[in-house]
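Me: I have a model open and want to learn how to read its features. Where do we start?

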Amino acid sequence: MRQFDELAQVDDPAWPELQEMLGASPVAARLLPGDAGEGRRALLQMQVSARSMLGALALHTGGLLVDDGWVRVFGGGSVEAGGLPGLARVNRFPADFDPGWHPAAGLVVGQDVVGGVFALNGGDPAAGGRPGEPGRMTYFAPDTLEWEPLDMGHAGWLSWLLSGRLDTFYDGLRWPGWREETAALTFSQGITVYPFLWSEEAHTDLAATSRRAVPMREVLGVAADFARQMGPGDPGFLGDV
């Protein structure tokens, strides 16, 4: 086990590189001010250092909003009232450091407003019903109700989010006016789409669907229920928001 100072005080931190990435990104992205105590708790429990992008996000930010908030990247947790939860809360970290605890299936590191979930695989993804290799990113897709492997690690995922390629990734999941609807959400809300994104009707004509802001917990819960009842199976833990 490494102590907090050993994890935080490193010679080559990733924070300056992350700041440069944000400054050069063509995507609208906003850093949120972080909660120092929650960031410290997350860094210690994850046992990652500030050399990593994951550690930099936990230690220096309250999270990151990408594409006007369509994707929420979790950091140490926002200090703002009603702010974005941090990695520790989203993943239900123990209140005090527990060297024997780890996320059962993987670490939830981001979500999008329509119920997509980005997670970092743990040591045995197959045991948790996840595709892909250990330490690689996966995505729970709200239009298929399945986990899909992403051929990148966490740092590569951050770079990809900020690269301007999200329009291609979300083709078929965004409708005219999505940006304005997203910007109006609070951090505890997502967007429910009806007919549901996994339905034939939504696949045929997404612009004709109706949408409303609801608690993000509801968006994730409905997707998980349908996955269990009529989809590929229980998706497992999608994050506590």
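Reply: Start with a charge over a ring: NZ of Lys or CZ of Arg is within 6 Å of the ring centre and within 35 degrees of the ring normal. Here the charged end of R174 sits 3.9 Å from the centre of the W178 ring, over that ring. R174 also lies over the face of W70, 4.8 Å from the ring centre. This is a predicted model, in which local features need pLDDT of at least 70, side-chain atom pairs need 80 or more, and totals for chains, interfaces and linings use all residues. Residues are numbered from 1 along each chain as its sequence is written, and side-chain values use heavy atoms, without hydrogens and water.

Me: How many aromatic pairs does a search of the whole structure find?

Reply: A pair of aromatic rings is described by the distance of the centres and the angle of the planes. Rings of Phe, Tyr and Trp (its six-membered ring) pair if their centres lie within 6.5 Å; planes under 30 degrees apart are stacked, over 60 edge-to-face, the rest tilted. The search finds 16 pairs. F93 and W101 are edge-to-face, with 5.2 Å between centres and 65° between planes. F140 and W147 are tilted, at 5.7 Å and 55°.

Me: Which residues form one aromatic cluster?

Reply: The cluster includes W70 and W178, the two rings that R174 lies over. Among its other members are F118, Y139 and W157.

Me: Is F140 buried or exposed?

Reply: Buried means under 20% relative accessible area, exposed over 50%, partly exposed in between (1.4 Å probe, protein chains only). F140 is buried, at 0%. F93 is buried at 8%, whereas W101 is partly exposed at 26%.
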